Amino acid sequence: MNQSIKTIIAERRSIKKFNGSPVAKSDVTAILDAAAWAPNHGNREPWRFIVAAESGLNEIRDTMKECTIQKWEEMPADELEKKTAGFKLPGAFVFVIVPEDVRQKERLEDFSAVSALIQNAQLLAWEKGIGTCWKTPVWIDAPKFRQALDVKPGERIVAMLQFGYYDELPKAKARTPIEQKITFFG
Ligand SMILES: Cc1cc2nc3c(=O)[nH]c(=O)nc-3n(C[C@H](O)[C@H](O)[C@H](O)COP(=O)(O)O)c2cc1C
């Protein structure tokens with residue numbers, strides 16, 4: 001059944017609880033390949049990706065733990081329990097990396113193009129039954145984390161995309177009626 005773009009956009013949800021099933025490298029590659037049709041100015045294709053799928057997931061989790069500001073071992077037991085109860089790793093991680101152009105206009109364009117690509121990827125994954133969550137934890141800029149991923153000077157990790165299968169569909173949070181956000185000029 002063909003769904004309208006409107007329905008696909010509205011029905012996609014961020015998935016924050018995964019069921020532990022792995023996501024294949026080939027699926028991640030196919031999603032990124034199609035997502036890269038995102039508009040990007042000057043055809044700079046200002047993106048590259050570091051992907052952990054099928055392997056490397058535990059290493060990413062360990063590096064994340066090391067870079068978290070409040071170390072998990074220092075958290076009160078009940079808080080840790082609340083944070084980690086039923087926690088399962090996503091089926092894959094995709095780190096989206098953008099060059100930080102020194103020119104202000106190009107930098108804005110490149111960050112915007114990458115955002116379009118990320119939303120494409122979320123919708124394409126959704127179509128395959130793979131949930132995603134776009135995350136920007138503080139430690140994506142941590143030198144230790146950047147070093148672990150071999151992110152070069154002049155590059156920035158803009159997003160950690162979690163991909164994975166899920167059992168429960170979260171409820172949508174209602175959006176503000178768009179009329180309240182629009183000012184017609186003139
Ligand atoms: C730029 C950006 C950063 C986000 N960072 C996080 C994050 O760090 N942690 C998180 O749980 N969700 C994060 N999200 C997901 C949003 O919380 C989510 O999109 C929002 O709750 C709306 O839910 P929906 O995507 O199901 O409509 C981020 C989303 C965007 C666009």
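Which residues of H5 are buried? Hold that while I set the terms.

This is a predicted model, where local features need pLDDT of at least 70, side-chain atom pairs count only at pLDDT 80 or more, and totals for chains, interfaces and linings use all residues. Residues are numbered from 1 along each chain as its sequence is written, and side-chain values use heavy atoms, with hydrogens and water left out.

Helices (H or I, at least four residues) and strands (E, at least two) are DSSP runs, numbered from the N terminus. Buried means under 20% relative accessible area, exposed over 50%, and partly exposed in between, with a 1.4 Å probe and protein chains only.

Back to H5, residues 104-127. Its buried residues are Glu-106, Glu-109, Asp-110, Ala-113, Val-114, Leu-117, Ile-118, Ala-121, Gln-122, Leu-123, Ala-125 and Trp-126. Their cover includes helix H1 (5-11), H2 and the strands E1, E2, E3 and E4. After H5 comes Gly-129, with a positive phi near 80°.

Now the sheet. It is open, with 4 strands in the order E1-E2-E4-E3 and antiparallel pairing. E1 and strand E3 (131-135) are the edges, each with a single partner strand, so one side of each has no neighbour in the sheet. Two strands pair if DSSP finds at least two bridges between them. E2 and E4 pair over 8 bridges.

How does H5 sit on this sheet? It lies across E1, E2, E3 and E4, at about 10° to E4. Axes are lines fitted to C-alpha atoms, for helices over the stretch in contact, and angles run from 0 to 180 degrees between N-to-C directions. Contact means heavy atoms within 4.5 Å.

H2 lies across E1, E2 and E4, at about 155° to E1. In H2 (residues 25-35), Val-28, Ile-31, Leu-32 and Ala-35 are buried. Seen down the axis, they fall within an arc of 95°, so they line one face of the helix. The arc uses directions from the helix axis to the C-beta atoms. The face turned away carries exposed Ser-26, Thr-29 and Asp-33.

Val-98 is buried, at 1% relative accessible area. It stands opposite Arg-156 in E4. Leaving aside neighbours within four places in sequence, its contacts include Asp-110, Phe-111 and Val-114.
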